[in-house]
Amino acid sequence: MKPSFEMVFSGVQMRRYEPSPRARGAAAAAAIVGTLISNDLHLLLLAWLGILLPLTIAGGIARQHMKFVTVFLGPVTAALLLVWGWMVAAPPGMPVGSSPEEGLSFGCMVALRLTVLGGVIQLCFLTISPEQLIATVRCWGLRGEGLVIVAGTLALGPELRLRSDQVLTARYARGLVPNRSFSNRLRQLPFLLRPLLAWVLRSAIQRSEIWHQRGLLARLQTLPVEPCAGSSTGSAFFVFLAFSWLVYNIATRVSG
Amino acid sequence: MENLTRSNETHSPTNPQLVLALLPLGIALNLSLGTLVHTIKAPIYVDAVGTILVTLLAGMRAGIIVGVVSFIVGGIFVNPVLPWFSGTQAAIAIYTYFAAKKGAFRTYKLVIVTGVGLGIVAGVVSAPVITALFAGITGSGASLIVAFLLASGKSVLQSVVLSGLAAEPLDKTIQCLLAVWLLRGIPQTLLDRFHNEALFRNGFLRGANETV
């Protein structure tokens with residue numbers, strides 16, 4: 001089978017250049033602040049098309065990014081353009097109907113800013129390889145109980161989904177749901193929620209008893225801290241890119 | 001985030017391991033319910049039921065952690081815009097905690113009043129984020145109200161606050177009713193492990209300490 005573009009530049013390839021957790025965190029913070037203060041439509045478009053899109057493809061998260069852009073941002077963008085370009089027909093601070101072009105441009109800028117913000121967050125966090133996830137959050141200063149909460153959440157999400165699937169499947173198998181129409185699925189919600197909450201509480205009690213027996217809280221304080229490893233080339237590249245973006249946007253803002 | 005489970009609140013359970021074990025489950029519940037309701041296309045969000053439940057069961061600090069962390073994790077895996085609304089989740093936990101202290105979840109009539117109040121709080125707290133990040137338009141049904149108000153000459157912040165006050169109380173009332181209905185259906189023996197004053201005060205737990 002001939003490998004696709006995304007397969008060639010998949011996350012596995014990118015891991016050679018995976019930045020260190022600290023560089024990743026610093027780059028994310030700088031890129032987010034830079035995007036929030038950016039008000040240049042063309043620069044935002046260039047940042048998205050020229051930098052973020054290729055990086056999301058190279059990082060193997062292009063599908064998630066496009067899903068975010070189409071499913072979430074699509075309706076938001078349409079609404080922004082409709083409201084600011086046609087209904088209000090002016091940017092904020094100007095009289096209603098005074099400048100449809102500027103209103104449209106403002107709507108585009110807000111939509112692009114959201115796109116870039118979402119892309120930056122996805123690029124910084126979704127590209128962390130699963131085996132590096134816990135080490136990364138530990139390098140960000142999350143220790144002890146905080147680490148248990150984050151690790152537990154990541155582990156329990158799929159388990160909770162499995163439990164709800166089991167309840168629904170059992171109801172389908174017993175013939176309690178005549179068909180899978182919208183109204184029937186909606187009616188299953190009460191039957192799903194109570195067993196799910198009861199399981200959550202029972203599970204919390206069981207886990208707490210096990211942790212108590214094993215002295216988990218005391219052991220958490222003595223866990224050794226692993227070094228925050230990562231590619232120095234990748235770290236330098238992402239930090240340079242993010243801080244250049246931040247500095248340029250600050251300079252643009254200051255110069256008016 | 002050290003010592004998250006220390007219980008200096010008046011109605012927290014005393015077992016720190018139990019609170020610590022409940023937090024990831026509350027976060028997962030928050031995320032799962034939101035995703036589930038989104039999947040079956042129900043006309044409500046249900047993104048704060050876990051926050052309300054954990055606040056009632058384990059106190060304000062636990063509720064804030066569940067709300068904020070679930071929106072941060074949701075921001076990474078579900079929708080990158082969610083973390084910006086973490087403050088709203090914290091406000092929901094704080095409001096729920098003080099409402100529960102006053103016994104505002106005791107009857108369904110009181111829960112409706114509490115839900116309306118929670119909707120107002122959530123609407124006001126999320127308005128600056130919607131204004132700054134989305135320029136008032138989030139693509140939801142409430143955006144129609146914002147658009148109408150903007151076209152009538154109101155500022156973006158005014159429009160967002162007013163639309164939030166119109167739309168949020170219904171959603172938050174439904175979420176409060178759902179949380180209370182869920183807690184009322186849980187066996188007493190199970191709830192008794194989360195022994196705290198709020199559960200007695202709001203009638204979720206019955207027994208010798210009912211008048212606490």
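Student: At roughly what angle do the axes of helix 3 (residues 21–37) of chain A and helix 6 of chain A cross?

Tutor: Two reading notes come first. This is a predicted model, in which local features need pLDDT of at least 70 and side-chain atom pairs count only at pLDDT 80 or more, while totals for chains, interfaces and linings use all residues. Residues are numbered from 1 along each chain as its sequence is written, and chains are lettered from A and ligands numbered from 1 in the order in which they are written.

Now to your pair. The axes of helix 3 and helix 6 of chain A cross at roughly 175 degrees and come within 10 Å of each other. Here an axis is a line fitted to C-alpha atoms, for helices over the stretch in contact, and the angle runs from 0 to 180 degrees between N-to-C directions. The helices themselves are DSSP runs (H or I, at least four residues), just as strands are runs of E with at least two, and both are numbered from the N terminus. Helix 3 and helix 6 of chain A are therefore roughly antiparallel; angles over 145 degrees count that way, those under 35 are roughly parallel, 65 to 115 roughly perpendicular, and the rest oblique.

Which residues make the contact? From helix 3 of chain A come Arg24(A), Ala27(A), Ala28(A), Ala31(A), Ile32(A) and Thr35(A). From helix 6 of chain A come Arg113(A), Val116(A), Leu117(A), Val120(A) and Cys124(A). Two residues are in contact if their C-beta atoms, placed from the backbone, lie within 7 Å. By class, this contact has 8 nonpolar, 1 polar and 2 charged residues. In that count, Ala, Val, Leu, Ile, Met, Phe, Trp, Tyr, Cys and Pro are nonpolar, Asp, Glu, Lys and Arg are charged, and the others, Gly among them, are polar.

Let's follow the chain to the loop between helix 5 (62–87) and helix 6 (100–125) of chain A, where Ala89(A) is found. The phi of Ala89(A) is near 55 degrees, a positive value in a residue other than glycine. Ala89(A) is buried, with 20 other C-beta atoms within 10 Å. A residue is called buried if 20 or more other C-beta atoms lie within 10 Å of its own, exposed if 12 or fewer do, and partly exposed in between, with C-beta atoms placed from the backbone.

Stepping back, chain A has 12 helices and 0 strands. Chain A is divided into domain 1 (5–136 + 230–255) and domain 2 (144–220), with bounds that come from an automatic or database domain assignment. The C-alpha centres of these two domains of chain A lie 34 Å apart. The radius of gyration of chain A is 24 Å, whereas a compact globule of 256 residues would have one near 18 Å; this radius is taken over C-alpha atoms, and the globule rule is 2.2 Å times the number of residues to the power 0.38. The C-alpha trace of chain A spans about 65 × 55 × 50 Å along its principal axes, and 32% of the 256 residues count as buried.

Chain B has 9 helices and 0 strands, and buried residues make up 55% of its 212 residues. In chain B, 47 residues are in contact with 51 residues of chain A. Helix 1 (16–39), helix 3 (60–77), helix 6 and helix 7 (156–184) of chain B each give two or more residues to the side that touches chain A. Helix 1 of chain B gives the most, with 15 residues. By class, that side of chain B has 33 nonpolar, 11 polar and 3 charged residues.

Ala135(B) has a positive phi of about 55 degrees although it is not a glycine. Its place is in the loop between helix 5 (108–134) and helix 6 (142–151) of chain B. Ala135(B) is buried, with 24 other C-beta atoms within 10 Å. By contrast, Gly185(B), in the loop between helix 7 and helix 8 (188–191) of chain B, counts as partly exposed, with 13 C-beta neighbours inside 10 Å.
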